[in-house]
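Here are my notes on a helix pair and some salt bridges. Have the model open as you go through them.

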Amino acid sequence: EADAGGLRVNLGAKFAAASGAASGEEEGDEASVTAASGFMAGLRPDQEALPTMLQLISAFYNICEHLRGGEAEAAVPEPEAFHCGALTAALLRQLSDPLAVCTGSLPAWCTRMAGSCRFLFPSSVRRILHHSCNLGLSRALHHVQQRALAQHAPSQEAQRRLEAEVVVASIPRQKVRISRQRIIESAVKVMNLYGGGSTILEVEYVGEVGTGSGPTLEFFAQVADVLRNSEPRLFRDGVPGGMLFPAPHDPEWLAKAEDQDAQLILERFRLLGQVVAKCILDSRLVDIQLHPMFWRAALKSAPFTPRCLRDVDPELHASMARLRQMDKEALASLCVDFTLPGCPHIALRPGGADISLNGDNLDDYVQRVTEATLVTAIAPQVQAFCSAFKELLPLEACAIWSETELSSIVAGASVRDPAFWTVEHLAAHVKAQHGYTPDSRCFRDLLELMSGFSPEDRKRFLTFATGAPSLPVGGFGGLKPPLTVVKKEAPPAPLTPDQFMPSVMTCANYLKMPEYSTADVLRQKLTFAMSEGQSAFLLS
C-alpha cells in the first residue's frame, strides 16, 4: 500500500506538470492544447514518461482486479488505493466552472482520462462528470444548479426555498398516458416517440390519478418484469445473483429475422436498450440488473476468458472442467457432439452435429463452447441492444464506469445488501416529520420492522413507498427526496388509528402512517399494504 501511495503521488505530480490542470504554471495553456489534440500526442520530452506510467499503473490495477476475482485468496490493494488525489482535485476544479460545463469547453483530458483510467477517480467524482458531460445541456445546467444548492443550503428546506427563488435550469418533462393492459405495446410506442428527446419522461396510467416519479418508476418496473419473463426466452437461466445475460440463439436464424420469434427477440432487445438508456438519462432506477459480461459484450471493453464463462454459467464452466479431467476413452463414451450444450440447434462448427468429442479436439470444443456462449450466440441480441441504446445515449458515455458499476447505476443497490437496512442506517436517513419525531415509539417500531425485512419484503416495501423496487447507490441516503414518515390524521371517535391503513405519496417518498397502538398492529397493516397496495395510484 505504501508503494501504491507513492505511485499515486508521483502520478499526480506528473499529470499536474503535463496538463497544467492541477497547477497555475505558465505552461498550463500549452498543455491544455496538447490534451485537447489527442491526450497523449505531442508530449514534450519531460512528459514522455506519462504514457508509460499510465500503462504500468493500468496493468497493475488489472492484475489486482484479476487476483481479487479469483478463487484463491490474495492480499491485493483495494480499489481505493489507486485513487489519485491530485487528479481528482484537478477534475473537480474543472467541473466547478459552470461556464465550462455549460458550453462544453472542459479540457479533453477530463473525459479521456476518466474513460481510459477510471480507477484513478472515485465513483462520486465520475458521477459528477457523467451528469456534467454525458447527458446533454439541460441536464448539465440542472446538475450545476443542484450542486450549488447543496453546497450553499444547510438543509432540505433551505434548498427548496433557494430552488424556488433562483431557477437556473428546468428540465422539460414529457407526460404520457398509457394503459396497464397494453404495457409492452405502449412502452415501444413511447420509447420510439419520446425516448430520444431531451425531456424527462413521466408516465400516468389511464383511469388513475397518480402522476410523477411513482407511476413512472412502476412503468419501468413492469416493462422489466415482462422482458424478464418474455416468451420466447430472452435471458439464460441460472446466472448468479439473478443477473441478466442473453440466452443463446442461432445467430444466422436471428440475423435473417424471417421467423416471427426471431423478430420478437430482436425487438425486445431493442426495447431493452431504449429503456436502459432512458433510465440512465433520467436517473431512474429499474429492476434490470444486466450482467457485467453483458456490458463487456456491448462495450467491447475487454476480451472474454474462460473465467468469464464461470461468472455467467457456473454449471457449464464446471462441466467443461470435468471434461478436461477425463481420459480419451471416457470422453469418447460420452457421445458428445460439437453443438452448444443445451442448444442442439446451435452448431459450434460446420457440421458440428456429426463431429464427436474426443481427446484430440477437447481444447477446441471447450474454446468454441465459451466463444458461442459469450460472443457468437448472443451477438445479434447485443447488436440490437446497442443500436437502440445509441439512439438515446452514446455508448462512449459508459466508458467512465466499470462493468459492475454500470449494473448498479441502472438497477441501484441490491435489496440483498443488509448494509442499508440496519437500524443505524435507517435512523440516519429516514426522516420523521409532521407528528413524528426520531424518538417517537411508532417511528422506532417502523425502523425495527424494516431492519428485519427479508429481501422480498424490502423489494415490496420500496415498490410501495417509492415506486422503484431498489434503492439508489448509497441506500436510503441516496434517495432524493429522502423517505419521510409523517403521522396520518387521527380519525374521529369511536374509530381508532388501528383501523386505518398506511398510505404513500411516491412522488415525494412520503409514508403517511397512523400512530398504531403496538408494533404487531404496525407489522400487520404495513405488510398488508405492501402486498395489496400495488399496481394502482389513487387518492389517499
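1. A quick definition before we start: a residue is called buried when its relative accessible area is under 20%, and exposed when that value is over 50%. Keep in mind, too, that this is a predicted model.

2. With that cut-off, both Glu 405 and Arg 126 come out as buried. Their side chains form a salt bridge, with 2.7 Å from N to O. Glu 405 belongs to helix H20 and Arg 126 to helix H7 (residues 123-133), so to speak distant parts of the chain, 279 residues apart.

3. Helix H20 (residues 403-411) also has helix H14 (residues 292-299) beside it: the two axes come within 8 Å and cross at roughly 110°. That angle is why H14 counts as roughly perpendicular to H20. On the H14 side the contact includes Trp 295 and Arg 296, and on the H20 side Leu 406 and Val 410 are among the residues involved. Sorted by type, the contact has 6 nonpolar, 2 polar and 2 charged residues.

4. Next, look at Arg 236 and Asp 313, a salt bridge whose closest N and O atoms are 2.8 Å apart. Arg 236 sits in the loop between H11 and H12 and Asp 313 in the loop between H15 and H16, so the pair ties together parts 77 residues apart in sequence. Both residues are buried.

5. Asp 360 and Lys 328 make a salt bridge too, at 3.5 Å between the closest N and O atoms, but here both partners are exposed.

6. Finally, Asp 225, Arg 228, Asp 287 and Lys 459 are joined in a salt-bridge network. The whole structure has 22 salt bridges.

Notes
Residues are numbered from 1 along each chain as its sequence is written. This is a predicted model: local features need pLDDT of at least 70, side-chain atom pairs count only at pLDDT 80 or more; totals for chains, interfaces and linings use all residues. Side-chain values use heavy atoms; hydrogens and water are left out. Axes are lines fitted to C-alpha atoms, for helices over the stretch in contact, and angles run from 0 to 180 degrees between N-to-C directions. Helices (H or I, at least four residues) and strands (E, at least two) are DSSP runs, numbered from the N terminus. Angles under 35 degrees count as roughly parallel, over 145 as roughly antiparallel, 65 to 115 as roughly perpendicular and the rest as oblique. Contact means heavy atoms within 4.5 Å. Ala, Val, Leu, Ile, Met, Phe, Trp, Tyr, Cys and Pro count as nonpolar, Asp, Glu, Lys and Arg as charged, and the others, Gly among them, as polar. A salt bridge is a side-chain nitrogen of Lys or Arg within 4 Å of a carboxyl oxygen of Asp or Glu. Buried means under 20% relative accessible area, exposed over 50%, partly exposed in between (1.4 Å probe, protein chains only).
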